[in-house]
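I opened this notebook to record what I looked up in one structure, entry by entry. The entries go from the whole chain to single residues.

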Amino acid sequence: QVQLVESGGGLVQPGGSLRLSCAASGLTFRLYTMGWYRQAPGKQRELVAGISSSGSTNYADSVKGRFTISRDSAKNTVWLQMNTLKPEDTAVYYCNAQGTTIATMNDNYWGQGTQVAVSS
């Protein structure tokens with residue numbers, strides 16, 4: 001059974017930092033592209049950052065230069081370091097795993113989400 005368990009969310013003041021973690025189990029971690037998505041109230045879920053199995057990264061324009069995604073296959077974990085947070089970063093953040101091989105190409109797993117609130 002695949003599980004993605006997020007942690008690290010919370011309330012932070014504008015300009016502050018948070019580090020989200022996602023611990024994956026039940027899958028061969030190195031075969032999956034990992035990503036962080038977010039969904040604010042009344043808005044669609046959007047991609048924040050992604051990291052391939054080889055370590056290539058991509059970011060939403062709104063977070064470039066502020067957020068950093070990283071992964072460790074030995075720990076089956078992906079992180080999202082969020083700096084210089086803004087009120088518009090407030091959302092529920094979700095961890096995602098997408099399969100990258102013929103055998104896993106239909107795999108698309110989600111965590112339960114962790115709330116991030118940026119407010120003074």
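The entries below concern a predicted model.

**Entry 1: overall make-up**

I began with the secondary structure and counted 0 helices and 11 strands in the protein. Read along the sequence, the pattern is accordingly β-β-β-β-β-β-β-β-β-β-β. I then looked up the radius of gyration, which is 14 Å; the globule rule gives 14 Å for 120 residues, so the protein is as compact as a globular protein of that length. The C-alpha trace spans about 45 × 25 × 25 Å along its principal axes. Buried residues account for 42% of the 120 residues. Of the contacts between residues at least 6 apart in sequence, 56% join residues at least 24 apart.

**Entry 2: the open sheet**

I next asked in what order the strands of the open sheet lie. The sheet has 4 strands in the order S1-S3-S8-S7, and their pairing is antiparallel. S1 (3–7) and S7 (67–72) stand at the edges; each has a single partner strand, so one side of each lacks a neighbour in the sheet. From one strand to the next the twist averages 15 degrees.

I went through the pairs in turn. S1 and S3 are antiparallel over 5 bridges, and Ser7 stands opposite Ser21 in S3. S3 and S8 pair in the antiparallel sense over 6 bridges, with Leu18 opposite Met82 in S8. S7 and S8 (residues 77–82) are likewise antiparallel, over 6 bridges; here Thr68 has Gln81 of S8 as its bridge partner.

I turned to S4 (32–39) and asked how many of its residues are buried. The figure is 6 of the 8 residues, so S4 is largely enclosed by the rest of the structure. S4 pairs with S9 in the antiparallel sense over 8 bridges, and Tyr37 stands opposite Tyr94 in S9. S4 also runs antiparallel to S5, joined by 5 bridges, with Trp36 opposite Ala49 in S5. The hairpin of S4 and S5 has 6 residues between the strands, and in it Gly42 takes a positive phi near 80 degrees.

**Entry 3: the nonpolar core**

Which residues have the most contacts inside the largest nonpolar core? I found Met34, Trp36, Val78, Leu80, Met82 and Tyr93, within a core of 29 residues. The elements that contribute two or more residues to this core are S3 (18–25), S4, S5 (46–51), S7, S8, S9 (91–99) and S11 (114–118).

**Entry 4: Asn76 and Thr77**

I examined the passage from S7 to S8 residue by residue. Asn76 lies in the loop between S7 and S8. Its phi is near 50 degrees, a positive value in a residue other than glycine. Asn76 has 21% relative accessibility and therefore counts as partly exposed, the limit for buried being under 20%.

Thr77 is placed in strand S8. Is Thr77 buried or exposed? I noted a relative accessible area of 10% for Thr77, which is therefore buried. A polar atom of the Thr77 side chain lies 2.8 Å from the backbone oxygen of Lys75. Leaving aside neighbours within four places in sequence, Thr77 is in contact with Cys22, Ala23, Phe29, Ser70, Arg71 and Asp72.

**Entry 5: Thr84**

I looked up a further positive phi at Thr84, where the angle is near 45 degrees, again in a residue other than glycine. Thr84 is in the loop between S8 and S9. With a relative accessible area of 45%, Thr84 is partly exposed.

**Entry 6: Val2**

My last entry concerns Val2, which is found in the segment before S1. Val2 counts as partly exposed at 24% relative accessibility. What does Val2 touch, not counting residues up to four places away in sequence? I recorded Ser25, Gly26, Leu27 and Tyr109 as its contacts. The C-alpha atoms of Val2 and Thr28 are separated by 9.7 Å, with the two residues 26 apart along the chain.

How values were computed. Residues numbered from 1 in each chain as written. Predicted model: local features only at pLDDT ≥ 70, side-chain atom pairs only at ≥ 80, totals over all residues. Heavy atoms only, no water. Pairing = 2+ DSSP bridges. Axes fitted to C-alpha atoms, helices over the stretch in contact; angles between N-to-C directions. Core = buried A, V, L, I, M, F, W, Y, C linked by side-chain atoms within 4.5 Å. Buried < 20%, exposed > 50% of the residue type's maximum accessible area, 1.4 Å probe, protein only. Polar contact = N/O pair within 3.5 Å; in protein donor to acceptor, adjacent residues only side chain to side chain. Contact = heavy atoms within 4.5 Å. Rg over C-alpha atoms; globule rule 2.2 N^0.38 Å.
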